[in-house]
Amino acid sequence: DLVRSRGLGDVYKRQQELSDSTRRLANVNSAVIPHPQKTRIFAVSNQKGGVGKTTTAVNIAVGLANKGMQVLVIDLDPQGNASTALGIEHRVGTPSTFDVLVNDMSIADVAQLSPESPGVRCVPATIDLAVAELKLYSVLSREHRLKNAIQRYLETLDAPLDYVFIDCPPSLGLLTINAFTAATEVLIPIQCEYYALEGLSQLKLTIDDIRVQLNPTLELATIILTMYDARTKLNAAVVEDVKSHFPNQTLETLIPRQIGVAEAPGYGQTVINYDRSSTGAIAYMEAAIELANRGA
């Protein structure tokens, strides 16, 4: 009887989870979000690797595009994972962010339309980007190369661009400084783990320095908590800790530790395109909607 009771309990729990996911997906599908009054430019950054930075950048970009937004993703990480997730060609020799930063190539000539998601264009990253900092070392106004390129690109567009997401490398070097100088907002994904706030504090100091020296309009606007596991007390404690320190910046939406989120990059897709009905995809779509409404 005890085994049977536990079995029925598991079935009931799964039915409840399915019902909840169905309801949330319906809400996401019916949601309408406003276009921003002017282009919002995000640097998606965390100097710590493995926190879901690129996954967050591309899925929120796709989530917004699915709601009618025009989005540009700039892959500033030499690994090129954002390019891969969006189905963008980024073999050696492909015009890329390296050419924009080093060779003054126009973003319009480099950006590719994502076959995964109409409404998303991506400036790809190639391995050449790994030596970009060395190439830029002696260049005049090297910290403003990306900002100037984005401004020139926006001026050429017939229709306004709603969002730009710059996927930063997991470091605080010249590439990330270029992103912070170009952006107006910083989006920080944080894994729900013990040392989450420690890395965040270091990153906030860097943002403050950039604001004083290079970009007075920059703000730490959004924090998103990733890889959340509701079964652990530690994860719940981290959520409360981050929210207590950054109550106005932290999204209510939590991105779960879910198999679809982990599998999707292996298929060269975002989780939204890989398995739209999964809890991970639904959470990223909810995060995109929340981010848009917060900026309205």
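What is the handedness of the crossing of helix 7 and helix 8? The crossing of these two helices is right-handed, and it is taken up in the opening legend below, which, like the others, describes a predicted model.

Close-up A. The axes of helix 7 and helix 8 come within 7 Å, and the angle at which they cross is roughly 45°. Because angles of 65 to 115 degrees count as roughly perpendicular and those under 35 degrees as roughly parallel, helix 7 is classed as oblique to helix 8. On the side of helix 7, the contact is made by Arg145, Leu146, Lys147 and Ile150, while helix 8 contributes Asn178, Ala179, Thr181 and Ala182. Sorted by class, the contact of helix 7 with helix 8 holds four nonpolar, two polar and two charged residues.

**Close-up B. Helix 8 crossing helix 9.** Helix 8 also makes a contact with helix 9, through Ile177, Phe180 and Thr181 of helix 8 and Leu203, Thr206, Ile207 and Ile210 of helix 9. The two axes come within 10 Å and cross at roughly 60°, which makes helix 8 oblique to helix 9. The crossing of helix 8 and helix 9 is right-handed. Five nonpolar and two polar residues make up the contact of helix 8 with helix 9, with no charged residues.

**Close-up C. Helix 2 against helix 13.** The axes of helix 2, residues 53-65, and helix 13, residues 279-294, come within 8 Å and cross at roughly 70°. Helix 2 and helix 13 are therefore roughly perpendicular to each other. Helix 2 makes the contact with Thr55, Thr56, Asn59, Ile60, Gly63 and Leu64, and helix 13 with Tyr284, Ala287, Ala288, Leu291 and Ala292. By class, the contact of helix 2 with helix 13 has seven nonpolar and four polar residues, and no charged ones.

**Close-up D. The second largest pocket.** The second largest pocket holds about 480 Å³ of space. Its lining comprises 24 residues, of which Lys38, Thr39, Ile41, Thr184 and Glu185 are the closest to the centre of the pocket. At least two lining residues are supplied by each of strand 1 (40-44), helix 7 (145-156), helix 8 (174-182) and strand 7 (219-228), so that helix 7 and helix 8, the oblique pair of the opening legend, both take part in the lining of this pocket. The lining of the second largest pocket divides into eight nonpolar, ten polar and six charged residues.

**Close-up E. The largest cavity.** A search of the whole structure finds one cavity of 30 Å³ or more, and the largest cavity has a volume of about 70 Å³. Its lining consists of Asn46, Lys48, Val51, Pro189, Ile190, Gln191, Glu193, Tyr195, Ala196, Gly199 and Leu200. Two or more of the lining residues come from each of strand 6 (185-191) and helix 9 (196-213). The residues around the largest cavity divide into six nonpolar, three polar and two charged.

**Close-up F. Two loop residues with positive phi.** Most residues other than glycine have a negative phi. Aspartate 104, in the loop between helix 4 (97-102) and helix 5 (107-110), has a phi near 60°, a positive value in a residue other than glycine. Serine 141, in the loop between helix 6 (132-136) and helix 7, likewise is not a glycine and has a positive phi, of about 55°.

Notes
Residues are numbered from 1 along each chain as its sequence is written. This is a predicted model: local features need pLDDT of at least 70, side-chain atom pairs count only at pLDDT 80 or more; totals for chains, interfaces and linings use all residues. Side-chain values use heavy atoms; hydrogens and water are left out. On a 1 Å grid over the protein atoms alone, a cavity is a set of points where a 1.4 Å probe fits but cannot get out, and a pocket is an open set with protein on both sides within 12 Å along at least five of seven lines; lining residues have an atom within 4 Å of a point. Grid points are joined across faces, edges and corners, and a volume is the space filled by probe spheres set on the points. Helices (H or I, at least four residues) and strands (E, at least two) are DSSP runs, numbered from the N terminus. Ala, Val, Leu, Ile, Met, Phe, Trp, Tyr, Cys and Pro count as nonpolar, Asp, Glu, Lys and Arg as charged, and the others, Gly among them, as polar. Axes are lines fitted to C-alpha atoms, for helices over the stretch in contact, and angles run from 0 to 180 degrees between N-to-C directions. Angles under 35 degrees count as roughly parallel, over 145 as roughly antiparallel, 65 to 115 as roughly perpendicular and the rest as oblique. A crossing is left-handed if the near helix is turned anticlockwise from the far one by less than a right angle, and right-handed if clockwise. Contact means heavy atoms within 4.5 Å.
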